[in-house]
Amino acid sequence: MTARTGKQYIEGLRDDRTVWLGNEKVDILSHPVFAGSVKGMAGYFDWQNKHADDCLVPDPETGAPMSASLIVPKNADDLKHRHKAFDRFARYSAGMLGRTPDYVNVTLAGFVARSDIFESSGDRTYSNRLRRFYREVVEKDLSLTHTIIHPVVDKAIPDTQGINRELALKVVRRNKDSIVVRGAKILATLGPFADELFVYPGQPQPAGTNPDVLLAFSIPMNTKGLITLCRDHCGVTAPVGDRPFSSRFDEQDAFMIFDDVEIPNERVFIDGDLDVYNGLMRHGWAANIMQQTAIRAAVKLEFAYELCTRMARATNSEMRPDVAAMLGELWGYATLTRSAIMAAEAGARDWGNGAFFCDDRPLRATRSMMPGWMVRANDCIKTIGSHNLLATPSLDAIDNPEIGDLIRTFMPGANGMSARERATLFRTAWDFAGSALGGRVELYERFYLASAPRNLALDHMMAQMERPWDEIPALLKSAGVE
C-alpha cells in the first residue's frame with residue numbers, strides 16, 4: 001500500500017489505542033467530538049491523491065506513488081519537488097494544520113539522509129534500523145507524530161535534573177530483544193490521529209547526562225502502556241460553511257505518558273549515545289525541516305492577507321490609511337517569507353553524506369520572526385474585521401423562511417456583496433483568528449519551533465560562529481584611529 005486514501009487512513013485508526021479526553025477513555029472513531037477532526041485528516045490523504053502531480057512522486061525502489069515529503073533530498077530537483085508538495089499540502093487547510101504527516105516525514109527523510117551520524121562509531125546497526133523503518137513509512141504511507149520535549153516542572157533546573165529527571169522518559173529495563181521505558185513527553189500534536197509516535201532528540205544534552213534518557217525510537221500509537229492524554233477539544237460540529245476550520249482542523253495536542261512501554265530493539269534508533277543524540281539536531285535538521293515549515297507559514301500569511309483584503313472591501317475601507325497600512329504589512333510578512341524560502345533553496349548545499357538541504361540562515365531568521373508575524377496577522381484580522389466579526393448569522397439562518405429575508409435586507413456587505421457572502425467571509429475570519437481553535441493555533445505558532453527569544457539568542461550565537469566580525473576595527477584602522 002502506498003499513497004493511502006482517506007478511507008484507508010481511517011481504517012488504519014481502528015485499533016485499541018489508549019486515548020483520554022477529559023475524564024473518560026474514548027474511541028477516537030466513535031466519539032462524536034472527534035468526528036470532524038478524523039474527517040479532516042482523512043481529507044488530507046484524499047487531497048494528496050487529488051493533487052498527485054504535486055504531492056506524490058515515484059518511490060525510487062518500487063515505482064509506486066509515495067508522498068513527496070518522504071524524498072531523501074540529494075539535489076536541487078528534490079528540493080523543487082518537495083517545495084511543490086509542501087505548498088499544495090498547506091493549501092488544504094490554508095496553513096492552519098501545523099502537524100500534517102508531511103511535517104514529520106521530512107524529519108525522518110532528513111535523518112535517513114544523514115545516516116552517517118548514526119554510524120559515527122562505525123556501527124551501522126542503528127542506521128539500518130532507521131532505514132527499515134523509513135521503508136515501512138513509505139510503503140504504508142503512515143501518519144507520524146512526534147514528541148521530543150521532556151516535561152518540565154521546575155524551569156530553574158535542567159530538564160533531566162531534579163524533579164524534572166523523575167518525569168523524563170528513560171529506560172527502566174533492558175530485555176534481550178527490547179527496552180522498557182517509563183516517563184512522559186510533550187507535546188504530541190496530532191497524537192490521537194497518528195499511526196506512529198516518533199521520539200527523537202529535541203535539544204542537545206550536556207556531558208554526563210544519564211544515557212538512559214538519550215533515546216530515539218518509534219512505536220505504533222496502540223502500543224501497550226502508551227497513554228495519549230488530550231487537551232480540551234476545540235473542534236465543533238457546525239457546518240463547514242459556518243466554521244470552515246473548527247469543523248475539520250483541530251489536530252489535537254496530547255501529553256504522552258509511557259507506563260512501562262516495551263519497545264522492540266528493531267525500533268530503537270538511538271540508545272545512550274550522546275554524540276549521536278547531540279549531532280543529529282546540529283547537522284542539518286533545521287535546514288531540512290524548515291523548508292516545510294516556512295512554506296506552510298507563507299501559505300498561511302498569504303491567506304491572512306487575502307482574508308483581510310476581502311473584509312476591507314466588504315466594508316469599503318480598503319483605502320483608509322490605517323487599513324491599507326495593515327494590508328501592506330501583512331503582504332510584507334508573506335513576501336519576506338517567500339523570499340527567505342527562495343534564498344534558502346538557492347543556497348542549498350551538501351550538508352554531508354550527500355544530504356542536500358537548504359541554506360538554514362534565511363530560514364532561521366524567519367523562524368525567529370514568524371511567531372510575532374502570526375500573532376500580528378490575527379490582530380490585523382480582528383482590527384479590520386472589528387464588530388463585523390460578531391455580527392455573522394449562520395448560513396442556515398439566511399436560508400430560514402421566517403428570518404432570511406430580513407437578514408438579506410439588513411446585513412449585506414458593501415460593493416454589492418450579498419448577506420450570504422458577507423456572513424461566510426466574516427465567519428471564516430473569526431474561525432481563523434478568534435475562535436477557540438484560532439486561539440490554540442496562535443499559541444502553537446508561538447512555540448512549536450521553540451520560543452522566539454530562544455531562537456533569537458541562538459541566531460546571535462550562530463552568526464558569531466559563521467565569520468569574524470571585524471569591520472569596526474578595520475574601519476577605525478583605515479581612518480588612522482589607534
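Five cavities of 30 Å³ or more turn up in this structure, which is a predicted model.

**The largest cavity**
- The volume of the largest cavity is about 120 Å³.
- Its lining consists of 16 residues, and Thr366, Arg367, Met370, Tyr448 and Leu449 are the ones nearest the centre.
- Helices H10, H12 (360-385) and H16 (436-447) are the elements that contribute two or more residues to this lining.
- Sorted by class, the lining of the largest cavity holds ten nonpolar, two polar and four charged residues.

**The largest pocket**
- A set of 46 residues lines the largest pocket, with Ile149, Gln203, Leu449, Ala450 and Arg454 nearest its centre.
- At least two lining residues come from each of strand S7 (178-189), helix H9 (274-282), H10, H12, H16 and helix H17 (452-466).
- H17 is the biggest contributor to the lining of the largest pocket, giving five residues.
- That lining divides into 24 nonpolar, ten polar and twelve charged residues.

**The second largest pocket**
- Of the 27 residues lining the second largest pocket, Pro60, Val72, Lys74, Arg131 and Tyr134 are closest to its centre.
- Strand S3 (56-58) and helices H4 (76-91), H5 (101-113), H6 (115-118) and H7 each provide at least two residues of this lining.
- H7 makes up the largest share of the lining of the second largest pocket, with six residues.
- By class, 13 residues of this lining are nonpolar, six are polar and eight are charged.

**Helix H7**
- H7 covers residues 125-140, 16 residues in total, and reaches 23 Å from its first C-alpha to its last, close to the 22 Å expected.
- Its buried residues are Ser127, Arg129, Leu130, Phe133, Tyr134, Arg135, Val137 and Val138.
- Tyr134 touches Met66, Leu70, Val72, Leu108, Ala109 and Val112, leaving aside residues up to four places away in sequence.
- Just after H7, Asp141 adopts a positive phi of about 50°.

**Nonpolar cores**
- The largest nonpolar core contains 115 residues, and Tyr134 is among those with the most contacts inside it, together with Phe34, Phe111, Phe198, Met311 and Ile381.
- Helix H10 (residues 285-314) supplies the largest share of this core, 16 residues.
- Another core lies apart from it, with 19 residues that include Val171, Leu215, Met256 and Val268.
- As general background, nonpolar side chains tend to be buried together in soluble globular proteins.

Conventions. Residues numbered from 1 in each chain as written. Predicted model: local features only at pLDDT ≥ 70, side-chain atom pairs only at ≥ 80, totals over all residues. Heavy atoms only, no water. Helix = DSSP H or I, 4+ residues; strand = E, 2+ residues; numbered from the N terminus. Expected span 1.5 Å × (residues − 1). Buried < 20%, exposed > 50% of the residue type's maximum accessible area, 1.4 Å probe, protein only. Core = buried A, V, L, I, M, F, W, Y, C linked by side-chain atoms within 4.5 Å. Contact = heavy atoms within 4.5 Å. 1 Å grid on protein atoms, 1.4 Å probe; cavity = no way out; pocket = protein on both sides within 12 Å on 5 of 7 lines; lining within 4 Å. Points joined across faces, edges and corners; volume = space filled by probe spheres on them. Nonpolar A, V, L, I, M, F, W, Y, C, P; charged D, E, K, R; others polar.
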